[in-house]
Each structure stands twice: as structure tokens, then as C-alpha cells.
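Me: I would like to learn to read side-chain and strand features in a model. Please take me through some cases.

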Amino acid sequence: MDRRTFTAGLAGAAFAALARVPADAAATAPGYGPLRADPTGLLDLPDGFHYKVISRFGDRMDDGFTVGDRADGMGCIPLGRRRVALVRNHELQARHHGDGPFARTDAARVPAYDRDTAGRPLPGGTSTIVYDLASGKVERQYLSLAGTIRNCAGGTTPWGSWLSCEEDVTRAGAGVARDHGWVFEVPARHRGLVDPVPLKAMGRFNHEAAAVDPRTGIVYLTEDREDGLLYRFLPDHRGQLARGGRLQALGLRDRPEGGDTSNKLGSDVTPGAWKAACWIDLDGVEAPDDDLRLRGYKAGAARFARGEGIHWGIGEGYFCCTSGGAAGLGQVMRYRPSPREGQPGEVDAPGMLQLFVESTDPAMFNFGDNLTVGPNGHLIVCEDQYTDVVDNHLRGVTPDGRLYPVGRCRLQTELAGACFSPDGSTLFVNLYSPATTLAISGPWRRL
């Protein structure tokens with residue numbers, strides 16, 4: 001059993017430590033109030049908040065396939081008339097066929113990116129839920145991407161699609177027919193399975209998540225490695241990622257030799273301080289030897305401790321470094337792009353990087369993973385702890401960096417895929433395993 005395998009029962013003892021914050025800050029700590037125990041044992045929430053289960057592992061979908069397990073990153077994309085598409089990743093590996101969408105269905109003719117040695121489509125990919133916000137009902141759900149491995153997180157695009165990222169670098173011949181480690185695009189309005197085209201110009205590495213700046217069309221990408229980089233993709237044609245572009249990695253101007261942002265190795269990245277960024281061109285981005293991050297660091301790129309969820313707010317992006325920080329409990333970084341981002345003149349007004357939050361205690365947050373920006377401008381961070389007994393929360397983060405609990409998962413699994421409906425009325429979130437998708441309503445704008 002690996003760390004993500006679900007075990008029945010409720011979470012064990014909660015962490016007793018308190019966050020180390022100044023007394024005056026604690027006295028004015030924000031929040032929606034204390035969490036109330038969920039009688040059904042799924043998710044504790046504050047008064048005034050309610051959830052409904054809209055999809056579960058094993059449900060039969062409209063296309064005849066079943067909902068796969070290990071629901072991870074997810075995006076909410078408007079379809080009009082109060083309808084949204086939730087495109088949901090399934091972090092399934094080749095050995096998880098029994099937990100995938102084809103376990104009880106003949107999939108011989110499925111348009112899949114790759115197959116195993118038995119000729120079966122690989123079970124990783126995405127499923128799409130079409131949800132009516134007015135009625136609170138699922139209109140339909142179906143498989144939308146098949147044949148990939150360990151689709152972890154991703155990100156929505158301004159043009160109405162989901163970028164699904166493989167957190168896996170399996171090579172052809174290792175039980176599969178094709179190389180993995182790519183990003184795939186899934187248009188939200190497409191009915192059924194998309195043509196699975198890997199966006200190879202966006203690099204082959206241990207992908208985690210993606211976010212698009214709507215002002216520029218530039219895509220920012222995280223890498224889930226202890227020595228991972230932060231990448232950006234400059235498309236040759238805005239909104240047409242399959243037509244190619246340039247991949248770069250972020251460096252810090254004051255550390256041209258390549259820096260470490262984790263604060264674990266004697267580095268001194270101070271919370272709140274801004275650092276000027278530079279961007280380093282990368283070559284050989286298809287990286288058959290899985291060495292893109294190593295070559296990038298050698299060229300001067302900065303390292304981040306397990307970059308995971310990334311989300312674009314208003315004029316700036318936020319991303320989690322799950323194991324960053326001197327205590328190893330996680331960081332949230334903020335990137336503010338240059339007015340000339342990706343264009344000539346950028347060097348004279350560079351983008352700026354800030355360590356926004358660094359956890360010093362499990363009660364602040366413990367291994368933040370996926371994150372999103374709420375309708376009130378606060379971050380919502382999903383925890384994914386790496387302990388034998390987990391006590392994962394949804395954590396709110398105010399614009400001035402204060403943290404508060406939003407929800408507590410009562411199962412021994414992670415929270416993932418948090419995303420808001422366009423009107424801010426509903427937060428959608430996944431319980432990783434057994435895969436369960438929730439729609440949470442409440443006074444999100446109250447704070």
C-alpha cells in the first residue's frame with residue numbers, strides 16, 4: 001500500500017500544536033467560524049456551509065464507462081446558462097487498471113494515447129462532469145481523456161479548456177508503448193474522448209500543474225520534485241499551444257548561479273520580500289533522460305521544493321511548494337509578471353517573485369497541494385500530508401498572509417482539485433480516494 005491508498009475509517013488524532021503567530025494577529029484571526037462535525041463523516045465545515053456529493057468512484061457514466069479512482073486536480077469552466085464543466089484528473093498508473101474507467105467495459109476501440117502490454121488503454125486521464133448550478137444537478141458525465149499516466153493537476157485556460165499534466169516520466173518499453181511526461185489539452189465543450197495529443201513543446205518532466213495569464217496567454221508550469229523548477233511556456237500563437245513555442249525556467253537575478261528557495265539548505269528567502277526574476281531559455285525540452293531540471297539549474301534556474309498547485313489571480317499567480325520551508329511543511333509563492341512579460345524590454349522591468357507564506361507549524365498548514373483563489377480574494381489551499389495518519393484540511397489564506405481552517409477531511413485521504421464556480425457560489429473539491437467530488441455552497445464572500 002502506498003501513501004495515497006485509502007484505508008477505511010476516520011482520521012486519527014488531530015495535530016495539537018498551534019501556529020506560531022503574533023498574539024495580536026491571533027486575536028484578529030479571520031475565518032468563517034469553528035468547523036462543525038459532519039454526521040456522515042466526510043468533510044467538516046463551518047456553520048452556513050453545506051456540501052453535496054455529485055460523483056463517486058464506480059458510478060456508471062453516460063458513455064458506459066465508470067468513474068475512475070484517485071481524483072486529483074480539477075478545473076471549473078463556464079458553459080453558459082448557469083452550467084459548468086468540471087474536468088477532473090485521475091492520477092492512475094498503468095498498474096491501476098482495476099481502479100480505472102475500463103475495469104468493467106470493453107475498451108478495444110477507445111482513442112487512447114497509450115496502452116499496456118496487454119493492449120488495454122492505460123487508465124489515467126480525465127473525466128468531465130456537466131453541472132447545472134441553478135438546479136444543483138449533474139446533467140451528464142463522461143470520459144474525456146484516456147491512455148495517460150498519473151494525471152496529477154493541471155489548469156484551466158481563458159479559451160475554455162483544461163490542461164491535464166502527467167506527473168510521470170515512464171519511457172516507452174517499460175510496460176507501455178510510448179514516452180510519458182506531457183501536458184494534454186481537453187476542451188470543456190468537447191463531448192466524449194478528445195484526440196490525445198501531447199504538447200511536447202511544453203516539456204517532458206514530472207509535471208504537476210499549469211496556469212495561464214489571461215493578459216498574455218503565457219502558461220506557467222510547476223514540477224513536483226524536491227529540486228524542481230518553475231517553467232513558463234511562450235506560445236508561438238496565443239491560445240494555440242499545439243503549434244509550439246519556447247520553454248523557459250525562472251531564475252533569480254541576485255543568484256545567477258542558481259538558487260534554492262526552500263529555506264532548507266541555509267538559503268535566506270524572507271517571507272514578504274520581493275526578488276527580481278529572470279527567465280532562462282531551455283533546449284532539448286523533450287528530455288528523454290529526464291534531466292531538464294538539472295540542465296536548467298546548471299544554467300542558473302532557481303529550485304523549488306516540490307512545486308504543486310498553481311493558480312492565476314488578478315495580475316499575479318500563486319503556487320504551492322509542498323515540502324518547502326525550514327520546517328519542511330510547505331510554502332506558497334507569488335509571482336507578479338513584468339508589464340513586458342515575455343517581450344523585449346522585460347529585462348528593464350522584471351517580473352517579481354515573493355515567498356508569500358511559509359508554514360512553521362502543522363496547524364498553519366501542512367503540505368499544501370492544489371490551490372485556488374476564492375471570490376473574496378483569499379486563497380483556498382488543499383492539504384496532502386505525508387504521514388501515516390493524515391488530518392488534511394482546506395485552509396484559507398488572506399491577502400495579508402493569515403491562515404484559517406475552511407474544512408477538515410474526515411477520511412484518510414487528501415483533498416484535491418479545489419475550484420470555484422464562475423459566480424463564486426460553489427466550491428468544488430475532490431476527495432482523492434475513493435474518488436468523491438463535492439459541491440460546497442455557503443457564504444464565500446462573507447469575509
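Me: Are Tyr32 and Phe49 buried or exposed?

Reply: Some ground rules come before the answer. This is a predicted model, where local features need pLDDT of at least 70, side-chain atom pairs count only at pLDDT 80 or more, and totals for chains, interfaces and linings use all residues. Residues are numbered from 1 along each chain as its sequence is written, and side-chain values use heavy atoms, with hydrogens and water left out. Buried means under 20% relative accessible area, exposed means over 50%, and partly exposed lies in between (1.4 Å probe, protein chains only). Tyr32 is buried, and Phe49 is buried too.

Me: How many aromatic pairs does a search of the whole structure find?

Reply: Rings of Phe, Tyr and Trp (its six-membered ring) pair if their centres lie within 6.5 Å; planes under 30 degrees apart are stacked, over 60 edge-to-face, and the rest tilted. The search of the whole structure finds 16 aromatic pairs. Tyr32 and Phe49 form an edge-to-face pair, with 4.9 Å centre to centre and 70° between the planes. Tyr32 lies in the loop between helix H1 (23–27) and strand E1 (35–36), and Phe49 in the loop between E2 and strand E3 (50–56), so the pair ties together parts 17 residues apart in sequence. Helices (H or I, at least four residues) and strands (E, at least two) are DSSP runs, numbered from the N terminus.

Phe367 and Tyr386 form a tilted pair: 5.3 Å centre to centre, 40° between the planes. Phe367 is in the loop between strand E19 (352–358) and strand E20 (368–373), while Tyr386 is in the loop between strand E21 (379–383) and strand E22 (393–397). Phe367 is buried at 14% relative accessibility, and Tyr386 is partly exposed at 35%.

Me: Which residues form one aromatic cluster with Tyr32 and Phe49?

Reply: Tyr404, Phe420 and Trp444 form one cluster with Tyr32 and Phe49.

Me: Where does the charged end of Arg303 sit?

Reply: A charge sits over a ring if NZ of Lys or CZ of Arg is within 6 Å of the ring centre and within 35 degrees of the ring normal. The charged end of Arg303 sits over the ring of Tyr297, 3.5 Å from the ring centre.

Me: How many salt bridges does a search of the whole structure find?

Reply: Side chains of opposite charge can pair when their charged atoms come close. A salt bridge is a side-chain nitrogen of Lys or Arg within 4 Å of a carboxyl oxygen of Asp or Glu. The search of the whole structure finds 28 salt bridges.

Take Asp44 and Arg410. Their closest N and O atoms are 3.0 Å apart. Asp44 is in strand E2 (residues 43–46) and Arg410 in the loop between strand E23 (403–409) and E24, so read this as a link between distant parts of the chain, 366 residues apart. Both Asp44 and Arg410 are buried.Next, Arg140 and Glu139 form a salt bridge with closest N and O atoms 3.8 Å apart. Arg140 is buried, with a relative accessible area of 17%, whereas Glu139 is partly exposed at 38%.

Me: Which residues are joined into one network with Arg293 by salt bridges that share partners?

Reply: Start with one pair. Arg293 forms a salt bridge with Asp227, and the closest N and O atoms are 2.9 Å apart. This pair links distant parts of the chain: Arg293 is in helix H2 (residues 292–298), and Asp227 is in the loop between strand E12 (219–223) and strand E13 (230–235). Arg293 counts as buried at 13% relative accessibility. Salt bridges with shared partners join Arg225, Asp227 and Asp290 with Arg293 into one network.

Me: How many residues of strand E17 are buried?

Reply: In strand E17 (residues 317–321), 5 of 5 residues are buried. Both faces are covered, with Gly317, Phe319 and Cys321 on one side and Tyr318 and Cys320 on the other.

Me: Which strands pair with E17 in the antiparallel sense?

Reply: Two strands pair if DSSP finds at least two bridges between them. Strand E16 (residues 307–312) pairs with E17 over 4 bridges, in the antiparallel sense. Here Tyr318 in E17 is the bridge partner of His311. The hairpin of E16 and E17 has 4 residues between the strands, and Gly315 takes a positive phi near 75°. Strand E18 (residues 331–336) also pairs with E17 in the antiparallel sense, over 5 bridges. Met333 in E18 is the bridge partner of Phe319.

Me: Why does Ser421 count as buried?

Reply: Ser421 counts as buried because its relative accessibility is 4%. Ser421 lies in the loop between strand E24 (415–420) and strand E25 (426–431). Contact means heavy atoms within 4.5 Å. Leaving aside neighbours within four places in sequence, Ser421 is in contact with Cys76, Leu133, Thr426 and Phe428.

Me: What joins the side chains of Ser421 and Asp423?

Reply: A polar contact of 2.6 Å joins the two side chains. A polar contact is a pair of N or O atoms within 3.5 Å; within protein, one must be able to donate a hydrogen and the other to accept it, and residues adjacent in sequence count only if both atoms are side-chain atoms.
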